[in-house]
Amino acid sequence: DMTATTTSSSNGPADAVNMPTIFRASWPATWDMIMHYLRPIMDVYVFSASLIFCVTPSVKPDDYSQWAFFRGNGVLFFWIPLLARSLFGVFHWMASVPILPAPLIHHDGPLLQFYPKWMLESVRETLTYRESNRSRLTEIGGTPVQLVTPDGIILDAMYFKGQGVSTSGPTVIRFNGNAETFELQEDILPHAYNVNGVNVLLFNYRGVGRSRWPRLWGSDMAGMLFGMWTTPSVCGTMLDAWTVLEYVVRGLRVPPSKVVLVGQSIGGAIATRVAAAHPSWPVALCNSRSFARLSSLAVELAPAFFGMPSGSSKARTMRAVTRGCLCATGWELDALAAWFKTPGFKWIEVVNSDHIILHQHSLHAALLRPAGGSSAPVSSMD
């Protein structure tokens with residue numbers, strides 16, 4: 001099904017503005033849909049092939065049948081598919097933990113039963129604060145919205161209608177950083193937009209807070225594991241970004257020229273990529289305190305993450321391993337390449353003293369850096 005669907009609700013503030021509070025996104029491209037179904041098929045193939053290779057006898061030298069060709073080329077028919085699915089499955093998820101820790105830090109689902117006591121107390125304390133702040137956001141006019149991604153994940157979002165404008169008026173979509181939830185935002189953020197006649201949509205990525213996978217066989221755990229298995233984190237995050245964008249453009253019928261994507265930190269790279277992936281929708285883009293390439297930043301931060309002196313041989317080895325792991329698992333967000341493909345108005349917010357995304361790894365620095373003899377045209381405003 002490549003068609004988006006919407007459902008309006010008659011409950012709460014949403015009824016006053018006649019907006020859909022439930023929205024199911026279509027697939028952004030046929031290739032994304034094919035890969036969603038192809039991944040589990042590949043896993044079934046790898047599992048079946050492993051059983052066949054383990055229980056069947058070796059090929060005889062004089063056997064020239066098709067079965068012998070399959071059995072005699074184990075590297076091609078078994079080991080390469082196994083390695084590919086391992087890298088883009090288990091190892092991809094392992095790399096996701098430090099890159100996008102919010103699904104663990106702000107987890108409200110079945111994994112809580114496995115958390116150590118010290119971590120569980122911290123998570124519950126954060127949950128209490130989030131729920132308290134959520135109530136405050138609702139009190140200032142926030143409308144809860146459920147956005148269903150093409151692969152079935154239910155994203156938790158909140159919509160704030162601007163003063164004196166319709167739901168099809170200027171709308172800002174904010175993309176969180178890697179450890180954020182929208183409930184952690186102060187109410188001054190949507191209020192500042194709303195009083196100036198701008199609608200605001202806040203949301204959480206999959207696995208963060210109330211953004212959860214649907215149940216499978218009546219089990220939250222089975223649904224979560226199946227969802228993580230079929231959709232790698234980086235692909236899922238981009239589907240989340242597409243879902244909120246399609247909701248605003250097709251669900252709320254906001255012209256793309258009136259949509260502004262505001263992304264901070266890793267959210268800036270995600271917003272930049274989704275804007276570049278859909279040039280027919282020339283949305284405006286604000287890339288706030290983000291990096292040029294995720295791999296370059298991760299390579300720089302990896303030694304410090306493990307407590308290694310930056311100039312040591314261990315640090316150099318760690319940088320090489322980190323770069324190799326990110327490349328092998330498909331965990332790359334190249335905001336620099338995407339930046340040049342975004343057709344709408346765009347600007348960058350940068351803090352030179354940022355201690356997480358160092359300026360030399362920022363998108364701002366990359367655009368100022370000469371490439372091929374000249375730098376990209378960038379205007380500065382203090």
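Author: A nonpolar core is a set of buried Ala, Val, Leu, Ile, Met, Phe, Trp, Tyr and Cys residues joined through side-chain atoms within 4.5 Å. Buried means under 20% relative accessible area, exposed over 50%, and partly exposed in between (1.4 Å probe, protein chains only). The largest such core here holds 58 residues, and Phe175 and Leu261 have the most contacts inside it. Helix 10, residues 233-251, contributes the most to this core, with 9 residues.

The model is predicted: local features need pLDDT of at least 70, side-chain atom pairs count only at pLDDT 80 or more, and totals for chains, interfaces and linings use all residues. Residues are numbered from 1 along each chain as its sequence is written, and side-chain values use heavy atoms, leaving out hydrogens and water.

Contact means heavy atoms within 4.5 Å.

Threonine 243 also sits in helix 10; helices (H or I, at least four residues) and strands (E, at least two) are DSSP runs numbered from the N terminus. This threonine counts as buried because its relative accessible area is 0%. The side chain of Thr243 comes within 2.8 Å of the backbone oxygen of leucine 239. Apart from neighbours within four places in sequence, Thr243 is in contact with Phe23, Ala25 and Leu155, and with the residues Leu147, Val148, Thr149 and Pro150.

Arg253 counts as exposed because its relative accessible area is 66%. Its phi is positive, near 60 degrees, although the residue is not glycine. Tryptophan 217 is another non-glycine residue with a positive phi, about 55 degrees. Trp217 lies in the loop between strand 6 (199-203) and helix 9 (220-230), and is exposed because its relative accessibility is 80%.

Helix 12, residues 294-305, also has buried residues: Leu294, Ser295, Leu297, Ala298, Val299, Ala302 and Pro303. Their cover includes helix 5 (90-99) and helix 13. Glycine 307 follows helix 12 and has a positive phi, near 70 degrees.

Glu332 lies between helix 13 (313-329) and helix 14 (335-339), and is partly exposed because its relative accessible area is 28%. A polar atom of the Glu332 side chain lies 3.2 Å from the backbone nitrogen of leucine 294. Beyond residues up to four places away in sequence, Glu332 touches Leu294, Ser295, Arg293, Arg273 and Val234. Serine 296 is 36 residues from Glu332 along the chain, and their C-alpha atoms are separated by 9.5 Å.

For the protein as a whole, there are 15 helices and 9 strands. Of its 382 residues, 46% count as buried. Among contacts between residues at least 6 apart in sequence, 72% join residues at least 24 apart.

Key:
A polar contact is a pair of N or O atoms within 3.5 Å; within protein, one must be able to donate a hydrogen and the other to accept it, and residues adjacent in sequence count only if both atoms are side-chain atoms.
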